[in-house]
There are 2 protein chains.
Amino acid sequence: MSKTNILYQHGTLALLVPGLLDGTITMKELLEHGDTGIGTGEGLDGELIILDGTPYQVDSTGKVNIVSDDFTLPFANSHFGNYQQLTEVKDLSQSDLNKKLLTMTSSNTFFSTQIHGTFTNIKTRAVKKSQKPYATLSKTAEDQSVFQRDSITGTLLSYYSPMIFDGAGVGGFHHHFLSDDHTFGGHVLSFDGATGDVKLQQFDTLEQHLPTQNTDYMKFDFSDWDILGDIHKAES
Amino acid sequence: MSKTNILYQHGTLALLVPGLLDGTITMKELLEHGDTGIGTGEGLDGELIILDGTPYQVDSTGKVNIVSDDFTLPFANSHFGNYQQLTEVKDLSQSDLNKKLLTMTSSNTFFSTQIHGTFTNIKTRAVKKSQKPYATLSKTAEDQSVFQRDSITGTLLSYYSPMIFDGAGVGGFHHHFLSDDHTFGGHVLSFDGATGDVKLQQFDTLEQHLPTQNTDYMKFDFSDWDILGDIHKAES
């Protein structure tokens, strides 16, 4: 039975900061917890988006690939899609859309939205896979590829986490995108002019799974790191 | 099947800060997620400790009561006990014990310890139940009852949460105590001279459940509150 009230998370955003980038869950395992999701590959190998059970990767060249069951990830979210129609929007900016969503739901629980529609502009990024010893998140973010498209049609998949969970996940909104023609996507840095259907799925449970089999993670001393500071620099 | 790798949490520590103290889970429901646990009652009605499936409440007079299935709680943890013998300790201070535990396990995942033994001194507190409109955590903490015992034998039940989850739960150690003779217990403010068996149970999953059916919680605006500041004042 799929549990549509549960958002599954493997790893934390925090572990990306010092570069604990071993892939600690396979795509096959992640898909057991949902048919919809986002994540990144081992060594920050691109930006992942799972739609209707199919896992797409946007790599650092901007190419969209379907990844195999044995593809591994250090950090990912997934859930079983059971979205409800929320509203239609027309030519909304990113900040106006975020505000509108938060007036129509609650910022005190986890939720996901999907907008299928057109956007006047979207800017995305995808990171180039690094090899072990992995670079830190701030170092990796310097090497990211940034892509931009105007008048693009596709699916914006977003997760919202209450601010008290910032650091475990991305506090606030976290958006990934895939164009309908599968030629463009990634982690969304910004978008504008959203026109389309907005669907909402609210969760009452976060199932937070940690990579306790990974010695590098379990032995790491986070106490000297400005985890939230580095996250906010890299994820914006 | 009991899932001994899962720590269940209902509510967040953060929601206690502004006084969102409605009981949003029953003890019966909480016990479906474990036979071991801690929590507080509606309106901060005492300090709870669940041992071997029996839920004990230390009320604001210091009395130990067994609560019924319909007792409700705003914030609680539970899990199915499957502890492994870790070590024996003799006359250890609280800080030395905490340090010893962290060298023997990892601070990057959730775990629980149980120490059954004697303590040269334990100081506990229990809060008096407040009625709606509930007081804030800092206001309630001013009215707490503090109890103290020397040479006391009993069970110290502790949960450890990685610091990145501070605010969702209690980052670091969170201890509740019940004496063997059921005349003393509560939320532990401090202890000293611990002598006894230490058992450890490590989790790889936090199942974080939020009170999404509670309108006061869902509509609350946390943005003006210094959640972590108030927590650290009240929970130490």
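Good morning. I begin with Ser151(A), which counts as exposed at 65% relative accessibility, since the cut-off for that word is over 50%. Please keep in mind that the model before us is predicted. Ser151(A) belongs to strand 11 of chain A, residues 145-161. Its backbone deserves a remark: phi of Ser151(A) is positive, near 45 degrees, in a residue other than glycine.

Leu44(A) is not a glycine either, yet its phi is about 60 degrees. Is Leu44(A) buried or exposed? Leu44(A) has a relative accessible area of 4% and is therefore buried, the limit being under 20%. To find Leu44(A) in chain A, look in the loop that joins strand 3 (36-40) to strand 4 (47-51).

Next, the peptide bonds. From Lys132(A) to Pro133(A) the bond is cis, with omega near 0 degrees. Pro133(A) sits in the loop between strand 10 (111-126) and helix 3 (137-142) of chain A. In chain B, the bond from Lys132(B) to Pro133(B) is also cis, with omega near 0 degrees, and Pro133(B) is placed in the loop between strand 10 (111-126) and helix 3 (137-142) of that chain.

Finally, the two chains together. What rotation superposes chain B on chain A? The rotation is 180 degrees, with 0.0 Å of shift along its axis and an RMSD of 0.0 Å. This is the relation of a two-fold axis. Within chain B, Glu207(B) has the C-alpha nearest the axis, at 2.3 Å from it. Both copies use the same surface, for 100% of the contact residues of chain B recur in chain A. Thank you.

Note on methods:
Residues numbered from 1 in each chain as written. Chains lettered and ligands numbered in written order. Predicted model: local features only at pLDDT ≥ 70, side-chain atom pairs only at ≥ 80, totals over all residues. Heavy atoms only, no water. Least-squares fit on C-alpha atoms with pLDDT ≥ 70 in both. Contact = heavy atoms within 4.5 Å. Helix = DSSP H or I, 4+ residues; strand = E, 2+ residues; numbered from the N terminus. Buried < 20%, exposed > 50% of the residue type's maximum accessible area, 1.4 Å probe, protein only.
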